Amino acid sequence: MTRFLTGMTHAIVTVPERKDSDSSGIRATVSFCFGPGDENAITCIHYRRCESGTFWTVPHVEIIEAGRKTMVPVFRGELLEKMCQAAARALERVKEQIGAPQWGTSYRVFGSPDGSPMVDVIT
């Protein structure tokens, strides 16, 4: 992961309000932060629910190709896979240390000097 995201200091896992999750299908959103604060980040890595199960998605942008509008992912290949794996690990760390994530709550996930994750409740 460090090969792709050198400088990442922590992740923020946000669980939306239940009503918002029910209407959007988003169960959690993860942001990867770079720096002492939360403002420099890659964000909108979503854990979504659909009829066939749950899966991770990354931001997409609209392009026009051959006169047709198409949505394409911002991240591709191994970087896409590593980002989704890291997002899943951050959510798992919350579950391991806090228990079931609460609706409408955000969690900051740090690595500690001994390699074990630390989770703080933000809201």
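Tutor: Let's start with pairing: two strands pair if DSSP finds at least two bridges between them. Strands themselves are DSSP runs (E, at least two residues; helices are H or I, at least four), numbered from the N terminus. This is a predicted model, so local features need pLDDT of at least 70 and side-chain atom pairs 80 or more, while totals for chains, interfaces and linings use all residues. Residues are numbered from 1 along each chain as its sequence is written, and side-chain values use heavy atoms, with hydrogens and water left out.

Student: Okay, how many bridges pair S1 with strand S7?

Tutor: Six, and the two strands pair in the antiparallel sense, S7 being residues 105–111. On the S2 side (residues 26–33), S1 has five bridges, and that pair is antiparallel too.

Student: Which residues stand opposite threonine 14 in S2 and in S7?

Tutor: In S2 look for threonine 29, and in S7 for serine 106. Threonine 14 and serine 106 also have a side-chain polar contact of 2.9 Å. (A polar contact is a pair of N or O atoms within 3.5 Å; within protein, one must be able to donate a hydrogen and the other to accept it, and sequence-adjacent residues count only if both atoms are side-chain atoms.)

Student: Is serine 106 buried or exposed?

Tutor: Buried means under 20% relative accessible area, exposed over 50%, partly exposed in between (1.4 Å probe, protein chains only). Serine 106 has 13%, so it's buried. Leaving aside neighbours within four places in sequence, serine 106 is in contact (heavy atoms within 4.5 Å) with residues including Ile12, Val13, Asp120 and Val121.

Student: And how many residues of strand S1 are buried?

Tutor: Five of the six in S1 (residues 10–15), which makes the strand mostly covered.

Student: In what order do the strands of the open sheet come?

Tutor: Read across it as S4-S3-S2-S1-S7-S8: six strands, with antiparallel pairing. S4 (53–57) and S8 (117–121) are the edge strands; each has a single partner strand, so one side of each has no neighbour in the sheet. From one strand to the next, the twist averages 20°.

Student: Which strands does H2 lie across?

Tutor: S1, S2, S3, S4, S7 and S8, with H2 at about 70° to S8. Axes are lines fitted to C-alpha atoms, for helices over the stretch in contact, and angles run from 0 to 180 degrees between N-to-C directions.

Student: How many salt bridges are there?

Tutor: The general idea is that side chains of opposite charge can pair when their charged atoms come close. With a cut-off of 4 Å from a side-chain nitrogen of Lys or Arg to a carboxyl oxygen of Asp or Glu, the count is three.

Student: Which residue does arginine 108 pair with?

Tutor: Aspartate 38, with the closest N and O atoms 2.6 Å apart. The two sit 70 residues apart and link distant parts of the chain: arginine 108 is in S7, aspartate 38 in the loop between S2 and S3 (41–50). Aspartate 38 is at 28% relative accessibility, so it counts as partly exposed.

Student: What about lysine 95 and glutamate 92: where do they lie?

Tutor: Both are in helix H2 (residues 77–98), three residues apart, about one turn of the helix. Lysine 95 is partly exposed at 35%, and glutamate 92 is partly exposed at 36%.

Student: Which residue forms a salt bridge with arginine 93?

Tutor: Glutamate 96, with closest N and O atoms 3.7 Å apart. This pair also lies in H2, three residues apart. Arginine 93 is partly exposed at 25%, whereas glutamate 96 is exposed at 55%.
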